[in-house]
Amino acid sequence: MSKLTTQQVKEVLVDVTSLNDPRLLEFTEDERKSVQSAVKICKNRLLKTEKLHEHFEEMKIFEKEAKKAGYKWIAGIDEVGRGPLAGPVVSAAVILPEDFDLYEVNDSKQLSLKKREELFVKIKKQAIAIGIGIIDHQVIDQVNIYEATKLAMKAAVQNLEKAPDFLLIDAMVLDLPIPQEKIIKGDARSISIACASIIAKVTRDKMMEEYDLLFPGYDFSNNSGYGTKKHLAGLDELGITPIHRKTFAPIKNMI
């Protein structure tokens, strides 16, 4: 390869997808500091991608084992919204195809807002079926948050367009006549549960953004109903809204 400018080297490196690419190996021998800097950036990108792929394969283990056992429609289930002082608890159930290839999927708590929203759209395009379960603050107050979470998860399963024959559930067992496996920290260990966590998180966050327009002053669009400093300040100044959970402290102490 003829001597390229640093900018030309950078443009070539954008297309490099393997650490064994001859072009990368050749540029590694280039003594220019600017080229070495570009090579380092490229290698770091490739190593990060490699780790993502390895993690992705590890997260498919539970789904693969269920497939080997003869199950076809495997739904991952997760929820978000147990801890907030306001708003619903939201659950999602997701059935993925075998060729699902979104390597960046991870536990929603480990992803940025921008990345979650990007993956939300991509998961919806690739998934075989998605079900959402929403249990509002009134039911939470009636039955407690643990039972409300189970209700949300069951609703998510029932709202799937494709009936699942096996469930992978994040740290929960559901009273449903479907074979299932409870996985502790499932949103970081199962690809379908991780997808469910992203769907549930983005769905609930959008709901809380709408509530922020209805009930300004609590910063719902940023805190999603959790007890942040701004949220607590809003409670002190404005009082309780109709979507606050009356059985949660400090709400119950204000009534």
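Q: How many salt bridges are counted between domain 1 and domain 2?
A: The count is zero. Keep in mind that this is a predicted model. A salt bridge here requires a side-chain nitrogen of Lys or Arg within 4 Å of a carboxyl oxygen of Asp or Glu, and no such pair is counted between domain 1 and domain 2.

Q: What area do domain 1 and domain 2 bury between them?
A: The size of an interface is often given as the accessible area lost when the parts come together. For domain 1 and domain 2 this is about 800 Å², with 67% of it on carbon and sulfur atoms. On the domain 1 side, the residues that touch domain 2 are three nonpolar, two polar and two charged.

Q: How many residues of each domain are in contact?
A: Seven residues of domain 1 contact 13 residues of domain 2. For polar contacts, one residue pair is counted between domain 1 and domain 2, with both residues at pLDDT 80 or more.

Q: How many salt bridges does the rule give for the model?
A: The count comes to 13. One of them joins the side chains of Asp30 and Lys3, with an N to O distance of 3.9 Å. Asp30 sits in the loop between α2 (22-28) and α3 (33-58), while Lys3 sits in the segment before α1 (6-13), so this pair ties together parts that are 27 residues apart in sequence.

Q: Which residues does UniProt give as "binding site"?
A: The unreviewed UniProt entry places that feature at Asp78, Glu79 and Asp170. These residues are spread over 93 residues of sequence, yet they cluster in space, with a largest C-alpha distance of 8.1 Å. Asp78 belongs to strand β1, residues 74-80.

Q: Is the peptide bond from Ala249 to Pro250 cis or trans?
A: The bond from Ala249 to Pro250 is cis, and its omega is near 5°. Pro250 is in the loop between α10 (229-238) and α11 (251-254).

Methods. Residues are numbered from 1 along each chain as its sequence is written. This is a predicted model: local features need pLDDT of at least 70, side-chain atom pairs count only at pLDDT 80 or more; totals for chains, interfaces and linings use all residues. Side-chain values use heavy atoms; hydrogens and water are left out. Contact means heavy atoms within 4.5 Å. Buried area is the accessible area (1.4 Å probe) that two parts lose on being put together, summed over both. A polar contact is a pair of N or O atoms within 3.5 Å; within protein, one must be able to donate a hydrogen and the other to accept it, and residues adjacent in sequence count only if both atoms are side-chain atoms. Ala, Val, Leu, Ile, Met, Phe, Trp, Tyr, Cys and Pro count as nonpolar, Asp, Glu, Lys and Arg as charged, and the others, Gly among them, as polar. UniProt positions are given in the numbering used here, feature names are shortened, and annotations may be inferred rather than shown by experiment. Helices (H or I, at least four residues) and strands (E, at least two) are DSSP runs, numbered from the N terminus.
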